[in-house]
Amino acid sequence: MASAGAEAVLTVEGLRAYYQTSTFGIEREVRAVDGVSLHIQPNEIYGLAGESSCGKTTLVKAIAAAIRPPLRVLGGSVAYRFGDRRVSLYDLDAEELAAIRWKHLSYIMQGSMSVLNPLRRVRSSFVDFAFRHIGKPMPEFIGIVEAHLERLHLQPSVLDAYPHELSGGMRQRVTIALATVCRPNFIAADEPTTALDVVVQKSVLAMIRESQRAMGASMMFVTHDMAVHANLSDRLGIMYAGRLVEEGTTAEVFRRPAHPYTAHLIASLPRIGDALTREGLGGAPPNLADPPPGCRFHPRCPLAMEVCRREAPEMAWISDTHRVACFAANVEAAP
Amino acid sequence: MSEPLLEVRSIVRTFARGGLLAGHPFRAVDGVSFRLEADRPEIFTIVGESGSGKTTLARMILAMVTPTEGSIRFQGTNLAGIRRRRDRLAFMRQVQPIFQNPFEAFNPLKRVDRYLLMSARRFRGARGAEVESAADRALRDVGLSLAEVKGRFPHELSGGQLQRIAVARALISRPALIVADEPVSMVDASLRMSIVNLFKVLRDEHKVSIIYITHDLGTAYYISDRILIMHEGRAVESGDARTVLDNPQHPYSILLKSAVLSPDPAAREETLAT
């Protein structure tokens, strides 16, 4: 089984992260991540796919320790193994967390083209983020940063630039360089190429994979673009309405999608050279403040059965590396 | 019927870039020409990267921006000559826009049915019960109904539903041309193809020509009849969509096509090789 928990760099068990608000006495709870379990192995790119508001970004925030109210982690655990050291993310205090952030665990945020401080040179951002973790005197530190930029095919002169002087693609590369300069064990990347043009996107993806492979880091790569996953991810998890519904190696998921939602996502991808009619999926994505009972996909599912309306399917293995949460795909799981 | 539906003749649009003294004009659109025939509804796609002038071109066709040089004629009328309110309304009745982000296109504090009813009054001159029936008919054409959207605010609807409502609103005036600027890039993947398929229906059943602006070559191949590839304000290649995309000739078109990631994990190793 792929759940070799002892080996995994990241182990997430039954994670539940909800947005809870209470305004004028009206309690509202949005269950953005509702019972997600997964493992990420060393030197692996784990792709996470799903449409907007399915909880992808919330899951990344929860595993990158970037939780801010009203988002709260209500249950489950997030545990990392950095070398021989094991840490459980939500047992750490603020000081311990600050020590592992960037050094072991880095996070490329959504819209990271605009996270650089517009009033400071790129050099200052590198000093702010990485200086304390590298722990070398300043001239040596700058030398390390320059060598790192060169490895990523960036001119060291970008250090003297202000963010507005760089193009979107360059800024994106700088943030990736920033996230990898401490050679972290784990990188969480949230839609890092979504705002880029196709030509630039391809080269940024190549850079991400090259640096990940060179460092042997593990990565969680989030995007809704299935074509990016096909080219980058080693394993792929599909999220729908706050839950993981399918997970397997990228080739398996593309070749034999087991969940009807995944099957639809893959079948509806338009391809150049193929103009066969493709259908959209009926219905609307569910409201996470009031998700449908049973399987959350059942109102839109072409295979929905009686049981799907009442009970939520659990993830079950259908091969050594492939698991799915669906009664129709996994007949033994149906009660 | 010799008069074309739309004739764009070597239009240029410049914007001032830089400061007052050091500024220099920047040609966002630089000598683009094409024409759409009146008796042959089609989906005409304009593709290009961001900053290639696609949106500026669309805004000129919608008469929201005036060209610096060149002319745009819609059914024989030069858009630069539209001055009076009556002429503008007549033009807007014929040419309707659909914008990229449906969440920004609709005012969040306004019920979405008001847009439909207002369009029916203004463009169709509908009064009384006619207003609602015109709105309902347009919504039924896109697979919704007035009962579903009446009284709802934009946040109560999904992006796909809102974009359908935007299409319905554009249909109320029975236009001859719809200009859709990246209409599916903000819509969820599971709903995207239903919007794209809707454009085919508009072309085939409602005889509406559509200018579809996108950076996604996959959907462009799927629905387009003709295509125009833009790069730095210039049209670098145009022609039959399938022919151009199957076998691009211009170096930029070849680059653009080669950068499209294939949704097939079998071919992955070569794609991201550095």
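First, the ground rules. Residues are numbered from 1 along each chain as its sequence is written, while chains are lettered from A, and ligands numbered from 1, in the order in which they are written. Since this is a predicted model, local features need pLDDT of at least 70, and side-chain atom pairs count only at pLDDT 80 or more, but totals for chains, interfaces and linings use all residues.

Let's start with chain B as a whole. How many helices and strands does chain B have? There are 12 helices and 10 strands. Helices here are DSSP runs of H or I with at least four residues, strands are runs of E with at least two, and both are numbered from the N terminus. The radius of gyration of chain B is 20 Å, close to the 19 Å of the globule rule for 274 residues, so chain B is as compact as a globular protein of that length. That radius is taken over C-alpha atoms, and the globule rule is 2.2 Å times the number of residues to the power 0.38. Along the principal axes, the C-alpha atoms of chain B fill a box of roughly 60 × 50 × 45 Å.

Now burial. Of the 274 residues of chain B, 46% count as buried. Buried means 20 or more other C-beta atoms within 10 Å of the residue's own; exposed means 12 or fewer; partly exposed is in between; the C-beta atoms are placed from the backbone. Next, contacts. Take the contacts in chain B with a separation of 6 or more: 66% of them come from residues 24 or more positions apart. A contact means that two C-beta atoms, placed from the backbone, lie within 7 Å.

On to helix packing in chain B. Two packed helices are described by the angle between their axes and the distance between the axes. Helix α4 (residues 112–124) and helix α7 (residues 159–172) of chain B pack at about 15 degrees, with axes 8 Å apart. Axes are lines fitted to C-alpha atoms, for helices over the stretch in contact, and angles run from 0 to 180 degrees between N-to-C directions. So α4(B) and α7(B) are roughly parallel. The cut-offs are under 35 degrees for roughly parallel, over 145 for roughly antiparallel, 65 to 115 for roughly perpendicular, and oblique for the rest.

Who meets whom? On the α4(B) side, the residues include B:Leu116 and B:Phe123; on the α7(B) side, they include B:Ile165 and B:Ile172. By class, this contact of α4(B) with α7(B) has 8 nonpolar, 1 polar and 2 charged residues. Nonpolar means Ala, Val, Leu, Ile, Met, Phe, Trp, Tyr, Cys and Pro; charged means Asp, Glu, Lys and Arg; the others, Gly among them, are polar.

Helix α7(B) has another partner. α7(B) and α8(B) pack at about 10 degrees, with axes 10 Å apart. They are therefore roughly parallel too. B:Gly160, B:Gln163, B:Arg164 and B:Val167 of α7(B) make the contact with B:Leu191, B:Ser194, B:Ile195 and B:Leu198 of α8(B). That gives 4 nonpolar, 3 polar and 1 charged residues.

Now the two chains together. 35 residues of chain A are in contact with 35 residues of chain B. Which element of chain A gives the most to that side? It is α6(A), with 7 residues. The chain A side has 19 nonpolar, 8 polar and 8 charged residues.

Look at helix α9 (residues 260–267) of chain A. 6 of its 8 residues are buried. Among them are A:Tyr261, A:His264 and A:Leu265. The cover includes α7, β9, β10 and α8 of chain A, together with α8 (189–206) of chain B.

Is A:Ile176 buried or exposed? It is buried, because 24 other C-beta atoms lie within 10 Å. Beyond four places in sequence, A:Ile176 contacts A:Ile108, A:Pro192, A:Met207 and A:Ile208.

Most residues other than glycine have a negative phi, and most peptide bonds are trans. A cis peptide bond joins A:Pro69 and A:Pro70, with omega about 10 degrees. A:Pro70 is in the loop between α1 (56–63) and β4 (71–82) of chain A. A:Ala65 is in the loop between α1 and β4 of chain A, and has a positive phi of about 55 degrees. A:Ala65 is partly exposed, with 19 other C-beta atoms within 10 Å. In chain B, B:Glu182 has a positive phi of about 45 degrees. B:Glu182 counts as buried, with 20 C-beta neighbours inside 10 Å.
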